[in-house]
Amino acid sequence: MLRFLINRLMLLVPVFFGVTLVAFGFIRVLPGDPVEVLAGERGLSTERHAELLAQLGFDKPIWQQYFNYLSDILHGDLGTSLITNRPVVEEFFELFPATAELGVCAILFALIIGVPAGIIAAIKRGSWIDQGIMSISLTGYSMPIFWWGLLLIILFSNTLNLTPVSGRLSFLFDVPPVTGFMLIDTLLSDEEGSFLNALHHLVLPSIVLGTIPLAVIARQTRSAMLEVLSEDYVRTARAKGLSTFRIIGVHALRNAMITVVTVIGLQVAVLLAGAILTETIFGWPGIGKWIIFSVFSRDYFAVQGGLLLIATSIMIVNLIVDLLYGLINPRILHQKSKS
Amino acid sequence: MNTETAPVTSIRSQQWKEFWFYFSVSKTAVAGLIFLILVILMALFADVISPHGPAEQFREYAKLPPSWMEGGQAQFFLGTDYAGRDMWSRIIHGSRMSLLAGCVVVVLSLSIGVLLGLIAGYRGGWIETFIMRVMDTIMAVPGLLLALVLVAVLGPGLLNAMIAIAITYTPSFVRLTRASTLTELNRDYVTASRVAGASPTRLMFVSILPNCMAPIIVQGTLSFSTAILDTAALGFLGMGAQAPIPEWGTLIAENRDLILNAPWTVTFPGVAILLAVLAINLVGDGLRDALDPKLKRS
Amino acid sequence: MALLEIQNLVVDFATATGSLRAVDGINLTIDEGEIVAVVGESGSGKSVGMLAMMGLLPWTSTVTADLMIFDGQDLLNMSNKERRKIIGKDISMIFQEPMTSLNPCFTVGYQITEVLSQHFGGKRRGYNDKAIELLNQVGIPAAESRLNSYPHQLSGGMCQRVMIAMMIACQPKLLIADEPTTALDVTIQAQILELLIELQKSQGMALVLITHDMAVVAETAERVVVLYAGQQVEQRTVKQLFKKPKHPYSEALLNALPERANDKLLNAIPGVVPGQMDRPLGCLFSPRCDYASALCKETSPNLNDGILCHFPLGEESIKVESQ
């Protein structure tokens with residue numbers, strides 16, 4: 001298990017450095033004079049320019065700049081936001097739980113509906129149920145999610161008044177942030193009704209963000225189940241006289257989920273991209289909204305730091321998914337050992 | 001010489017017939033194809049078809065609902081936006097943007113991706129490692145985010161958005177092509193060609209590439225539809241096509257404030273995106289089923 | 001009373017190109033403790049017939065029979081729930097590819113104890129001791145530690161032993177072995193066959209051995225049923241068949257044994273088993289039969305004393321069948 005983990009980590013190292021290069025280089029390829037751009041001042045006098053140049057470290061040779069940048073990263077310093085003057089790392093981790101919470105709820109939504117839908121579609125292959133499920137998931141896959149979000153807001157928030165329009169919690173509640181996860185914090189606080197309120201706010205954004213993963217998971221589960229159901233060991237399970245429920249739910253599903261777990265891993269990157277759009281629509285105070293704002297307000301250090309942190313988070317999540325995959329599929333773990 | 005070429009052409013036409021047979025089995029794929037052709041025609045003949053100009057403003061008729069609703073007018077089929085521009089005309093013209101974006105993105109990412117993939121697979125060694133690590137790095141950053149950052153660097157606009165998106169799609173093609181190339185390299189016909197003295201270029205493009213085309217075509221179709229979605233997303237965020245260009249995503253962004261009063265201005269451009277992408281995905285599904293030898297039923 | 005009685009078993013498959021008759025009239029009677037071999041080439045329907053009886057065929061199949069009774073119970077018209085009570089417990093089946101027939105995600109111990117808890121109730125873990133006992137019985141060394149092994153950690157022969165252990169766990173009255181040694185090394189083949197016979201004796205169960213290997217038939221079975229293209233062509237005791245086969249196909253099969261080859265060439269049977277599209281008029285074996293006459297090529301033969309042939313070998317008088 002440990003060897004497996006180290007193996008995976010080794011593969012990540014060059015990618016990590018690649019991303020640092022991208023983040024590092026991005027500032028230096030911006031149009032215009034980087035000093036002017038970063039300082040936000042125009043028409044700099046020569047002395048002021050030289051002063052800022054030295055301050056930013058741009059007067060040093062490029063390889064040294066990169067080296068300094070790397071050592072800064074390893075010390076946990078990813079620069080300071082040009083807008084708020086706070087360390088980028090601080091801002092990121094303050095907003096990260098909101099996105100993480102949304103992402104987890106979205107994936108849960110996608111799994112709870114998508115996996116059973118895929119199983120049913122596989123069992124009833126060719127029937128109208130199967131075709132219906134596949135059509136719906138194809139539609140979900142083809143929608144622009146920002147439009148889908150707006151549509152749901154029009155329907156549920158405006159017309160039916162069922163869900164709140166934006167934010168994580170009604171401003172009537174005062175919940176002290178402990179973990180940053182609203183669902184946990186509301187449970188910890190003694191504000192009555194705040195938990196349900198937080199849940200209420202999570203419904204629509206989770207559905208919107210989870211729609212594409214839902215479609216993908218449903219399709220993948222279906223094709224994985226179809227493949228597994230025709231395997232020899234399923235026939236053996238039937239020959240043992242096991243109940244249909246056990247055959248499908250235990251024997252077949254366990255093997256089918258192997259493929260599906262890989263798919264979930266791929267969905268993490270999709271989720272983060274989707275979060276950018278979803279958080280913008282729902283005014284959700286997370287990483288997505290923050291990075292958009294940073295790009296627009298030309299807060300380049302925030303963008304640079306955000307890019308690196310987001311990419312690293314995705315890599316870590318993918319690693320965790322890989323480990324989970326190893327747990328479900330014993331063959332991967334035992335790859336090095338032979339009987 | 002003649003006897004050599006005749007069988008080749010008939011094999012080609014036989015392949016087409018066989019391909020069409022498998023493709024047409026899926027009615028949804030055919031329906032998608034028909035719709036797609038309609039959209040293409042709509043884009044090509046936009047000036048002729050649309051009742052008004054996309055930028056023509058009818059100030060007196062601003063924020064009119066669709067013609068079938070109360071207060072709507074027949075001449076403005078889908079209603080008008082905040083500046084009195086006919087939504088239907090704008091959507092028709094917007095199809096040009098979306099299709100253009102899809103084409104440019106796929107052409108760019110496919111050609112560069114396939115080329116890099118061929119080289120990586122064929123050459124191996126450090127060239128392959130280098131190319132694959134670069135692709136891994138690009139894939140480590142979520143597509144939309146990378147596109148955003150690239151657009152921030154290049155400046156907003158439809159063309160820059162297309163270039164940025166194309167860069168984010170390139171790794172998929174590289175991986176696909178490299179994997180196929182590696183499989184093909186071991187085959188006897190490649191060894192035979194090499195022994196016969198074929199140059200690397202000839203080997204790559206004439207011998208190996210045609211046999212990798214099936215998954216590349218399927219991925220290309222998928223990228224086409226995703227490109228339309230991503231272009232619309234960038235347009236929505238204000239980083240893609242800039243107003244008053246009637247790109248569908250930009251249309252939604254422009255009218256976002258009207259979401260309460262005039263929801264049709266936001267709904268219909270989205271429906272257009274949905275239908276176009278759905279059609280392409282149906283065609284893509286049909287292509288995959290027709291081209292995938294494992295699924296062929298005898 | 002016979003343990004298993006099958007009469008006129010017919011299995012049809014619905015395919016994209018029409019209906020395929022995979023099994024066309026099998027008759028089989030098995031008494032307790034008997035060993036019967038079912039022999040035929042690939043495509044003869046030998047596996048399909050037994051799978052049909054167990055109810056393990058896909059939904060595209062249609063199974064009909066005049067009679068299909070096991071231990072006094074009507075298998076044909078039984079509900080699925082009822083059938084599940086018998087399968088794995090009173091009738092068991094082991095398959096050809098042991099490596100892929102075991103679930104890769106679960107340990108050996110899990111899969112053996114599962115069948116016990118399914119049929120006898122109670123928690124799976126409670127059957128761990130019984131599982132160790134079974135593994136010992138089938139000759140797997142270090143049985144206790146093997147309980148926690150995964151199938152991919154075992155060799156083909158070991159996997160087959162595990163399958164056998166799994167399928168005899170409930171002490172079935174009838175065990176069907178579908179080409180159990182075909183996918184294994186030659187050296188292991190003999191061991192597995194020996195094991196099967198040993199278990200058959202000690203547990204007193206009936207054994208149906210499906211195989212294409214006549215040598216295996218000679219060594220193990222008491223009676224043999226010969227199948228060709230889904231039809232049953234001959235059913236005799238092994239001694240009788242080997243001494244004097246009555247159907248040309250049986251004779252050809254025996255002649256194809258390496259032991260009976262002359263100098264340099266094996267006596268292969270020319271041609272192939274007819275598929276869905278190229279079924280000949282008349283006798284299905286006629287295109288490949290040394291003795292085929294005009295009658296054979298035009299008319300399908302009826303069962304002649306259990307032999308499906310117009311002119312069974314060794315008959316003095318030629319019987320002309322009236323339609």
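**Chain B, overall.** I began with the secondary structure of chain B and found 11 helices and 0 strands, so listed from the N terminus onward the elements read α-α-α-α-α-α-α-α-α-α-α. I am working from a predicted model, and I kept that in mind for every entry below. Taken along the principal axes, the C-alpha atoms of chain B fill a box of roughly 75 × 45 × 35 Å. Of its 298 residues, 45% count as buried. I also looked at sequence separation: among contacts in chain B between residues at least 6 apart, 69% join residues at least 24 apart.

**Confidence.** I looked up the pLDDT of chain B next, which averages 83, with 94% of the residues scoring at least 70. Within the chain, the mean is lowest in helix H1 (residues 2-25) of chain B, at 66, and highest in helix H4 (residues 87-123) of chain B, at 90.

**Where chain B touches chain A.** I counted 34 residues of chain B in contact with 35 residues of chain A. On the chain B side, the elements that give two or more residues are helix H5 (125-140), helix H6 (143-154), helix H9 (200-237), helix H10 (248-254) and helix H11 (264-291) of chain B. The largest share of that side, 8 residues, comes from H11(B). By class, I found 24 nonpolar, 8 polar and 2 charged residues on the side of chain B that touches chain A.

**Nonpolar cores.** The largest nonpolar core has 151 residues, and those with the most contacts inside it are Leu145(B), Ala147(B) and Ala161(B). Helix H11 (residues 244-282) of chain A gives the most to this core, with 16 residues. I then followed Leu145(B), which, leaving aside its neighbours within four places in sequence, is in contact with Ala273(A), Ile276(A), Ile291(A), Leu307(A) and Ile310(A). A second, separate core has 93 residues, including Val48(C), Met54(C), Ile91(C) and Val233(C).

**Two helices of chain A.** H10(A) passes H11(A) in a right-handed crossing. Tyr233(A), Val234(A), Ala237(A) and Arg238(A) in H10(A) meet Ile247(A), His251(A) and Ala252(A) in H11(A), and the residues of this contact divide into 5 nonpolar, 1 polar and 1 charged.

**Gly113(B).** My last entry concerns Gly113(B), which is found in helix H4 of chain B, the helix with the highest mean confidence in that chain. Is Gly113(B) buried or exposed? I put it down as buried because 27 other C-beta atoms lie within 10 Å, where the cut-off for burial is 20 or more. Not counting residues up to four places away in sequence, Gly113(B) touches Thr170(B), Ser172(B), Phe173(B), Val174(B) and Thr177(B). I also checked Gly113(B) against Ala152(B), and the two are 39 residues apart in sequence and 23 Å apart in space, C-alpha to C-alpha.

Terms used:
Residues numbered from 1 in each chain as written. Chains lettered and ligands numbered in written order. Predicted model: local features only at pLDDT ≥ 70, side-chain atom pairs only at ≥ 80, totals over all residues. Contact = placed C-beta atoms within 7 Å. Helix = DSSP H or I, 4+ residues; strand = E, 2+ residues; numbered from the N terminus. Nonpolar A, V, L, I, M, F, W, Y, C, P; charged D, E, K, R; others polar. Core = buried A, V, L, I, M, F, W, Y, C linked by C-beta atoms within 7 Å. Buried ≥ 20, exposed ≤ 12 C-beta atoms within 10 Å, placed from the backbone. pLDDT = per-residue confidence, 0-100. Left-handed = near helix turned anticlockwise from the far one by under 90°.
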